[in-house]
Amino acid sequence: MTKEKRGRPKKTVEVPVFNNNSELRDYLIQLGLEITVNLKTEALKKGNVRKPQITKAKLMEYKTTLESIRILNSLIKDKAIDDLENKFRLLEQSVFEIRTGNTSDSEIFELSDELKKEIAEFENGLKANSEG
């Protein structure tokens, strides 16, 4: 005779699987946005607060909201840096292949206008950094 356990069955937590850092950052940014919006909504609720414990809790809500915004901002900056690094790596690989002659005869390498503009902006940024 087996006894059945009482109460609700426990839910198992499933950790999502990510293929790369970009997917992980997108997921973290989405969660961060949801949390930050909910924290901001709660922190900005009006109320007549007279007890010191409630005032302290309200201040902690503000601090937590500001900290979540800072963390979210750093995640977004990290994602932008990764995107720029990937573009630079692709450009570097293409230039290396052209210089060494590793490109096949059937492959035609042409820069789009948008890519030419990005390269010019990148080179201008490097010149400005080296001069300043």
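1. Buried means under 20% relative accessible area, exposed means over 50%, and partly exposed lies in between, with a 1.4 Å probe and protein chains only. Accessible areas come from the Shrake-Rupley method with a 1.4 Å probe, and for residues only the protein chains shown count as cover.

2. This is a predicted model, in which local features need pLDDT of at least 70 and side-chain atom pairs count only at pLDDT 80 or more, while totals for chains, interfaces and linings use all residues. Residues are numbered from 1 along each chain as its sequence is written, and side-chain values use heavy atoms, with hydrogens and water left out.

3. The chain has three helices and zero strands, in the order α-α-α along the sequence. Helices (H or I, at least four residues) and strands (E, at least two) are DSSP runs, numbered from the N terminus.

4. Of the 132 residues in the chain, 10% are buried. The chain exposes about 12,400 Å², and carbon and sulfur atoms supply 56% of that area. For contacts (heavy atoms within 4.5 Å), 58% of those between residues at least 6 apart in sequence join residues at least 24 apart.

5. T65 sits in helix α2, which covers residues 52-100. Its relative accessible area is 7%, so T65 is buried. Leaving out residues up to four places away in sequence, T65 touches T36, L39, K40 and A43.

6. E85 is also placed in helix α2. With a relative accessible area of 38%, E85 is partly exposed. The E85 side chain makes a polar contact with the side chain of R89 at 2.7 Å. A polar contact here is a pair of N or O atoms within 3.5 Å; within protein, one must be able to donate a hydrogen and the other to accept it, and residues adjacent in sequence count only if both atoms are side-chain atoms.

7. Rings of Phe, Tyr and Trp (its six-membered ring) pair if their centres lie within 6.5 Å; planes under 30 degrees apart count as stacked, over 60 as edge-to-face and the rest as tilted. That rule gives two aromatic pairs. In one, the ring centres of F18 and Y27 are 5.2 Å apart and the planes are at 50 degrees, so the pair is tilted. F18 is partly exposed at 27% relative accessibility, and Y27 is partly exposed at 36%.

8. The rings of F88 and F122 have centres 5.3 Å apart and planes at 45 degrees, so this pair is tilted. The pair links distant parts of the chain, with F88 in helix α2 and F122 in helix α3 (residues 113-131), 34 residues apart. F88 is partly exposed, at 38% relative accessible area, and F122 is partly exposed, at 33%.
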